[in-house]
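Thank you all for coming. I would like to take you through one model this morning, beginning with a pocket and ending with a few side chains.

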Amino acid sequence: GVQTCALPICPLVSSIHPLRNADASETHYNADPQDLIRAVVDLRARGAEILAIYHSHPRWAAVPSKTDLRENHYGAVPRIIVSLLGPEPDVRVWRLDPDSYEELPWRVAD
């Protein structure tokens, strides 16, 4: 799983819920409402919570965009952004505020 906190014991990701892009666009993402509802229902049924939200930037760096900041509907939930610009995906994790962002440390756990 991916750890996104700096505490001695961090929560581990127990599931991943891919959500289709309702906009069917390469430049803008809008989570499919039905996919989102299914993910939330599954998490609640297991007593789990959203630890992070991920999306890709196919044509840009793995840095939050103005759109990412403006459309941040989950407050302090970390954002994992994957850039597909280079030969290998670049994965970075961020905490977003309305007017700024801060990169967070993360690592893959066994």
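**The largest pocket and its lining**

In the lining of the largest pocket, at least two residues each come from helix H1 (33-45), strand S2 (53-57), helix H2 (66-70) and strand S3 (79-83), where helices (H or I, at least four residues) and strands (E, at least two) are DSSP runs numbered from the N terminus. Please keep in mind that this is a predicted model, in which local features need pLDDT of at least 70 and side-chain atom pairs count only at pLDDT 80 or more, while totals for chains, interfaces and linings use all residues. Residues are numbered from 1 along each chain as its sequence is written, and side-chain values use heavy atoms, with hydrogens and water left out.

S2 gives the most to this lining, with 5 residues.

Turning to Asp32, we find this residue in the loop between strand S1 (2-3) and H1, and its side chain reaches the backbone nitrogen of Asp35 at 3.0 Å, a polar contact (a pair of N or O atoms within 3.5 Å; within protein, one must be able to donate a hydrogen and the other to accept it, and residues adjacent in sequence count only if both atoms are side-chain atoms). Asp32 is buried, with a relative accessible area of 16%, where buried means under 20%, exposed over 50%, and partly exposed in between (1.4 Å probe, protein chains only).

Finally, Trp94 is buried at a relative accessible area of 5%, whereas Tyr101 is partly exposed at 37%.
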